[in-house]
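Here are some notes for a first reading of this model. Please keep the structure open beside them.

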Amino acid sequence: MHVLWSALLVALLALPAAAQSRKSKSKPKDTLTPPPAAAPPAVTPPGAAQPTLLPGTQPVLPAAKARGEGNTVGLYRLVRRGETDPLLKVVDDAFRQVADASRRYTRWVALPEPAERQGCGLNVPCLAGLGGLQGVDEVFAGDLKKSENGLVLHVRLVDTRGEKVLGDKDQVIASQTAAEVQVWAESLACKLLMGQECIGEALIDADLPEMRILVDGEPVPRTGKQLERLRLPVGVHRVRIAVDKRTSLERPLLVSREPPAAAGLYAREHEEALALDAPSELPRGLDGRPSVEPSLRPKPGVRWTRPVGIAVAAAGAVALGLATYEGIHSKSLVNDANRSYDANQGAYRPGDLANINSAKSASNMANVLFIAGGVLAAAGLTMVFAF
């Protein structure tokens with residue numbers, strides 16, 4: 001009996017070992033293969049040709065600039081080989097300066113020229129593909145073309161992974177000067193690369209504290225200083241000045257991201273009008289700076305209503321004087337006729353009838369002069385004292 005119980009206990013203990021043996025036989029144990037060692041970076045022998053990033057493309061210029069973690073952006077160059085338009089370089093430089101100041105990206109890269117002769121322009125698939133080969137997340141590109149109204153600057157921000165447009169802006173530039181093209185290029189680049197408008201500064205030389213400065217039709221608070229420093233969005237603004245009821249013509253004011261070194265406009269008052277001049281329109285002094293005369297306030301003019309009112313009142317006084325004379329003359333003639341009537345025993349002589357007719361005419365004239373004189377005198381006094 002004890003032998004039977006011992007055999008049964010040995011069999012129960014052997015069951016788990018057998019199950020484990022069958023499981024290990026049915027599923028072999030995985031083996032870990034160590035990863036291959038990374039190959040050392042290739043070293044170009046001295047004197048050998050440097051490798052290019054892409055076949056048929058130019059090297060990336062300049063090198064990427066790292067600033068932490070986040071997205072990267074590639075700048076598609078407007079200035080290509082053989083390009084002679086200096087305004088394209090102005091736009092390129094403005095784009096790079098804004099990209100270098102933007103905190104939205106860890107680094108920016110100037111993309112190489114594509115293999116196609118015509119380039120990418122603003123074509124989304126082409127820009128996305130070129131940026132993808134360079135390993136950037138977004139591509140910023142611009143296009144500058146002539147139009148009937150001057151120039152049109154068009155910029156576009158493209159997502160390289162989804163080949164979709166993240167932002168698209170354009171601006172008509174009336175002037176073809178490098179300074180105006182630069183500030184508009186900065187303005188559009190700020191809106192897409194920084195996600196907001198950049199704020200710059202401008203200086204206006206206004207030598208009268210009563211001068212009001214209006215920017216884009218809105219008055220700007222003054223500090224009372226002759227050299228007013230204004231903080232405005234980067235771009236071109238329309239400025240005019242006003243003194244009392246006089247206003248100047250509108251002039252463009254260029255606002256850049258860079259701090260101004262001198263006044264952009266000079267405001268002066270003259271006898272004939274208010275003037276708002278750019279430095280390039282003013283004569284230069286011996287030191288090379290603009291030579292500007294101080295404002296000349298117009299002499300206070302005499303109101304025209306006062307002298308006219310005095311003249312009208314004087315004419316009314318003369319009319320009243322004549323009316324008084326005619327009235328007295330009429331009464332005298334009537335008295336003469338009445339005395340002659342009494343002396344001639346109740347009968348008028350031929351001369352008396354003539355005096356009576358003259359008296360009537362003088363009386364009528366006196367009435368007319370009294371009315372006219374009164375109206376003129378009242379009107380003249382009103383113009384003198386009321387206006």
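**Notes on the model**

1. Start with helix α2. Its buried residues are Leu87, Leu88, Val90, Val91, Asp92, Ala94, Phe95, Val98 and Ala99. Buried means under 20% relative accessible area, exposed means over 50%, and partly exposed lies in between (1.4 Å probe, protein chains only). Helices (H or I, at least four residues) and strands (E, at least two) are DSSP runs, numbered from the N terminus. The cover over the buried residues of α2 includes β1 (71-75), β2 (105-110), β3, β4 and α4.

2. A word on the source. This is a predicted model, in which local features need pLDDT of at least 70 and side-chain atom pairs count only at pLDDT 80 or more, while totals for chains, interfaces and linings use all residues. Residues are numbered from 1 along each chain as its sequence is written, and side-chain values use heavy atoms, with hydrogens and water left out.

3. Now the whole chain. The protein chain holds six helices and 14 strands. Of its 387 residues, 34% are buried. Contact means heavy atoms within 4.5 Å. Among contacts between residues at least 6 apart in sequence, 65% join residues at least 24 apart. The chain exposes about 24,200 Å², and carbon and sulfur atoms supply 59% of that area. Accessible areas come from the Shrake-Rupley method with a 1.4 Å probe; for residues, only the protein chains shown count as cover.

4. Check the length of α2. The expected span of a helix is 1.5 Å times one less than its number of residues. The 16 residues of α2 should therefore span 22 Å, and its end C-alpha atoms are 23 Å apart, which agrees.

5. How do α2 and α4 cross? Two packed helices are described by the angle between their axes and the distance between the axes. The axes of α2 (residues 86-101) and α4 (residues 178-194) come within 8 Å and cross at roughly 35°. Axes are lines fitted to C-alpha atoms, for helices over the stretch in contact, and angles run from 0 to 180 degrees between N-to-C directions. The crossing of α2 and α4 is right-handed.

6. On the α2 side, they include Leu87, Val90, Phe95 and Val98. On the α4 side, they include Val181, Ala185, Cys190 and Leu193. The contact of α2 with α4 divides into 15 nonpolar, two polar and one charged residue. Here Ala, Val, Leu, Ile, Met, Phe, Trp, Tyr, Cys and Pro count as nonpolar, Asp, Glu, Lys and Arg as charged, and the others, Gly among them, as polar.

7. Helix α4 is mostly covered, with 13 of its 17 residues buried. Its 17 residues should span 24 Å, and its end C-alpha atoms are 23 Å apart, which agrees. Just after α4, Gly195 takes a positive phi of about 75°.

8. Turn to Val158, in strand β4 (residues 150-159). Val158 counts as buried because its relative accessibility is 0%. Leaving aside neighbours within four places in sequence, its contacts include Val124, Leu127, Val139 and Leu166. The C-alpha atoms of Val158 and Asn123 are separated by 9.5 Å, with the two residues 35 apart along the chain.

9. Val136 lies in the loop between α3 (124-133) and β3 (138-147). Val136 has 3% relative accessibility, so Val136 counts as buried. Beyond four places in sequence, Val136 is in contact with Thr72, Val73, Gly74, Val109, Gly131 and Thr160.

10. Two non-glycine residues deserve a look. Glu163, in the loop between β4 and β5 (164-173), has a positive phi of about 50°. Glu163 is partly exposed, at 46% relative accessibility. Asp216, in the loop between β7 (212-215) and β8 (218-220), has a positive phi near 55°. Asp216 is partly exposed, with a relative accessible area of 44%.

11. Finish with α5 and α6. The 37 residues of α6 (residues 350-386) should span 54 Å, and its end C-alpha atoms are 54 Å apart, which agrees. The buried residues of α6 pack against α5 (305-343). Among those buried residues are Ala359, Ala362, Leu369 and Met383. Ser330 lies in α5 and is buried, at 7% relative accessibility. Beyond four places in sequence, Ser330 is in contact with Ala359, Lys360, Ala362 and Ser363.

Technical notes:
A crossing is left-handed if the near helix is turned anticlockwise from the far one by less than a right angle, and right-handed if clockwise.
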